[in-house]
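The following exercises ask you to read a protein model step by step. Try each task with the sequence and the structure before you turn to its solution.

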Amino acid sequence: MEYEIVLGLEVHVELSTESKIFCSCSAKFGGDPNEHVCPACSGMPGMLPMTNQKVVELGITAGLLTNCHINRRNTFDKKNYYYPDLPAAYQITQFYAPICVDGGVEIETSKGKKVIGIKQIHMEEDAGKLVHDMWTDSSLVDFNRTSVPLCEIVSNPDFRSVEEVVAYLERIRTLLRFGRVSDCRMEEGSMRADINISVRPVGETKLGVRTEMKNMNSISAITRAIEYEAARHIDAIERGTEELVQETRRWDDILGQSFSMRDKETAADYRYFPNPDIAPIIISDEWIEKIRESLPELPEIKRERYIEEFDLPEYDADLITQSRTLCDLFEDTIAAGAAPRDVSGFILGECMNALNRDGKTADDLVFAPEKLARIIALVSSEELTRQNARKVFTAVYNEDVDVDKYCSENSLLTISDDGIVKAVVLEVIEKNPKIVADYKGGKVKAFDALFGQVMRVLRGTGNPTLIRELLNEELAK
Amino acid sequence: MDKLNCYVTKLDINDASRAVCVDDTILTTGMYSTASSKMLANFTAPFEATVISRLREDGYEFAGKTNTGEFGMDITTESSFFGPTINHLSEKRISGGAATAVAIGDANYGLCVDSDGSARRYASFSGVSFIKPTYGTVSRYGVIASVSSSEQVGVCARTTREAAKLLSVIAGHDCNDGTSLPAERYTYDIVDVKGMKVGVPVQLFEGLTDDAKKLTSRFIKKLETLGIKCEEFTLACADYASDAYHIISSAEACNNYSRFDGIKFGYRAENCEGLEDIYIKSRSEAFSLNTKKIVLMGSLSLSKAFYEKFYLKALKIRRLVREEMTEAFKNYDAVLSPVSAGSAYPLGYALDNDEARISERKYTAVASIIGIPSVVTQCGLDPDGMPIGIQLMGDSLCDSKIISIAAAYEDSGR
């Protein structure tokens, strides 16, 4: 009997905001335990939630990027359960009127293109973190992550393979990173996926028993978990090894197995009701249009455009369009006057080398595109040698220095002044009579030696063409 | 000396005429804010309520934190962890801390959170005036929440005029409160009441003691001497507003009290074995019976099995009450209502008396459920010398009108 697997995904992404969703605490990742906490996000009485407008803006953006319908009237609801990482014993989420519904994301796999339906996207707050303390055998609660804004993207059960799931996750990540909705770093927990999986005989339309694995935070773990769980379901059905129940299971990536948790599905009654502290948020058509206009060109469109309009090699275009920041840098540097191939050369060369060496990403770059354009311009006009351009770039990359100031302070500009170069040429000729004699006697290499000396005196900044010209001129005398 | 048990925390003051006593459900710093509950008996707030900041900035001082029913959600202060407040006119009867402190002159003003109408009742029982303002005009930031969609900080004082004076200091938009209405200030100007019409809803005046009935008639006659026409009318929602409000208020309060779990602050039971034990023991030991009933009722109303039948239905009824009262206010400048069936409860009467709660809630639920303003003033004394108050309800943002009627009545010598 052949089986097909049916999967649905709930992807949680942390939104790229400065502050939390209902208070002005920092939403930054990390920090000392309970450093980014205030009475609101730690469940104190007397506090009231104040909605962060940027969160709604990013919710709309996520909806537009995934072709959803944006609900004009949004409400927030309370989801009730007790756990120490939930300080008020309720999570503020959107149950009744989520911000986006009925969207779709196109993915491409080895089997071709397909649209994965998106049931809804809703805004909600994250919970805190529990840390187990070995010494006292107790759990410690860190509220830094409490109330960090999240979007939850709920797909329809449209997946039929692991490959489709991976393609979808990568596509969501690309879209949301490009839209600057979230940085989608699974390893930092800013993107997590809950996997719902069931199997059924090929041709059957009814869905089989569904199990869920929550908070998966790496694509490789997701791959392993799906393969294991599908096999476990099939085994249970074919050979009766166990009874399949609808439940949430814990995936242990080290052991490579899933384990049953307490049966949460039937036990959980979250008693959702509308949050009376937050008035309904009405989204205007104007706001949606404004956001739609500011949406970035999608990476695949940019890729085609870079190849056609800028004559970029496919390989370069592929690399640059991995990152919105690199695309912005690329386009803005061209807009500042530099030639596309020169820009891509610098970005994929010096820039990526530095980032890789430092273990950073494009989002960590600190300098403005105009500076890169200036360096490239100086190289084009032969005022900077390629070697010195690298030195300047390093300073710009590390400390965001002013290009011209740095060049003059460090004497990096190519000296093309006739008078200065000629003086050095004459000096070198005078001080090296033997080499001059060798050259005049036919040793061609002696010219290079003289050239090298002139360059040394000029600290590598002599205009090579000019040096050669003047040397030839003087030696001919 | 606090013989009447008005205070959870008493403070020294210089000038009673500029002193305000504050219900212990309102957060103040540098002292406990207990909500009259064992759960918060040792809780010091890290910030103060907006209403406190505004009063302080205007030069008022605070006489202390006053006793209420636990979380301000009980018809009697007998459920307070600190015991009942005794009525200053009879040691066998109860009242609320702020109303009593104002009545005996400890402080000129009291800040009371009207969540379930109790603030209005205690004012009535102690012979003082009380203004419950329109929902959204006074910030709830720093108020220990029970009924988020309806409760408001109100002011009690010996006269309505004085209460209105303090109200204008604390009312006005607060950017920390998402349910706060936009107007920056409210001035509560006293207007001429001659020619106004007051509706008397027949259904709300059922179940009164004979003394209350008599004093109500006297009050109506008094209004008529001021040129105010009083007229009976039918208020259909009187019968179901109370049940609907009971459902809504317990659901919201139950949810607001969930944060009191013994984990982060407040009371944590001893000898707990594991997480569930901490939750169950702490809450069981620290909540009064009344609060437990509220939590159970709220959990039931929001549960999957009853959400539509109870909670959603109650929200729909709320809409019907709104519509019917809007119609009524087209004909009347104010709608009259009793505050209670009679005068102050004897000790022991209300403590576990569910029937009393059901019948008493009827009088205060209409103003609570739709957030309209209500002013309590005094009708007179019953033969035992106990005060009986009466309510004037107004349409949203028409606080001035009802304040004016009450002020005119009080000016004329009650």
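**Exercise 1.** Does Glu382(A) count as buried, partly exposed or exposed, and what is its relative accessibility?

Solution. Keep in mind throughout that this is a predicted model. Begin by finding the residue: Glu382(A) belongs to the loop that runs between α10 (369-380) and α11 (386-399) of chain A. Next, recall the cut-offs, by which a residue is buried under 20% relative accessible area and exposed over 50%, with partly exposed in between. The relative accessibility of Glu382(A) is 44%, and therefore the residue counts as partly exposed. Finally, look at the backbone, where the phi of Glu382(A) is near 60°, which is a positive value in a residue other than glycine.

**Exercise 2.** Describe chain B as a whole, and explain why it can be called as compact as a globular protein of its length.

Solution. Start with the secondary structure, which in chain B consists of eleven helices and 13 strands. The C-alpha trace of chain B spans about 70 × 55 × 45 Å along its principal axes.

Then turn to the inside and the surface. Of the 414 residues in chain B, 64% count as buried, and the chain exposes about 14800 Å², of which carbon and sulfur atoms supply 52%. If you take the contacts in chain B between residues at least 6 apart in sequence, 76% of them join residues at least 24 apart. As for charge, chain B carries 45 positive and 53 negative side chains, and the centres of these two sets lie 2 Å apart.

**Exercise 3.** In what order do the nine strands of the open sheet in chain A follow one another, and which are the edge strands?

Solution. Reading across the sheet, the order is β2-β6-β7-β10-β1-β11-β12-β13-β14 in chain A, and the pairing is mixed. The edge strands are β2 (69-70) and β14 (257-260) of chain A, each of which pairs on one side only.

Now follow some of the pairings within this sheet. Strand β6 (residues 100-109) of chain A is joined to β7 (residues 112-125) of chain A by nine bridges, and the two run antiparallel; here Val105(A) stands opposite Ile116(A) in β7(A). Strand β1 (residues 3-14) of chain A pairs with β11(A) in the antiparallel sense over eleven bridges, and the bridge partner of Ile5(A) in β11(A) is Val199(A). On to β12 (residues 211-216) of chain A: four bridges join this strand to β11(A), again in antiparallel fashion, and Ile195(A) has Met213(A) as its bridge partner in β12(A).

**Exercise 4.** Which strands form the three-stranded open sheet of chain A, and in what sense do they pair?

Solution. The order of the strands is β5-β4-β15 (chain A), and the pairing is antiparallel. The edge strands are β5 (90-93) and β15 (273-274) of chain A, each pairing on one side only. Strand β4 (residues 77-80) of chain A is joined to β5(A) by four bridges, and in β5(A) the bridge partner of Asp77(A) is Thr93(A).

**Exercise 5.** Which residues does Asn52(A) contact, leaving aside its neighbours within four places in sequence?

Solution. Asn52(A) is found in the loop between β1 and α1 (53-65) of chain A, and with a relative accessible area of 16% this residue is buried. Its contacts, once those neighbours are left aside, are with Thr17(A), Ser19(A), Lys20(A) and Ile21(A). Cys23(A) is 29 residues away from Asn52(A) in sequence, while their C-alpha atoms are 7.4 Å apart in space.

Technical notes: Residues are numbered from 1 along each chain as its sequence is written. Chains are lettered from A and ligands numbered from 1 in the order in which they are written. This is a predicted model: local features need pLDDT of at least 70, side-chain atom pairs count only at pLDDT 80 or more; totals for chains, interfaces and linings use all residues. Side-chain values use heavy atoms; hydrogens and water are left out. The radius of gyration is taken over C-alpha atoms; the globule rule is 2.2 Å times the number of residues to the power 0.38. Buried means under 20% relative accessible area, exposed over 50%, partly exposed in between (1.4 Å probe, protein chains only). Contact means heavy atoms within 4.5 Å. Accessible areas come from the Shrake-Rupley method with a 1.4 Å probe; for residues, only the protein chains shown count as cover. Lys and Arg count as positive and Asp and Glu as negative; His and the chain ends are not counted. The place of a charge is taken as NZ of Lys, CZ of Arg, CG of Asp or CD of Glu. Two strands pair if DSSP finds at least two bridges between them.
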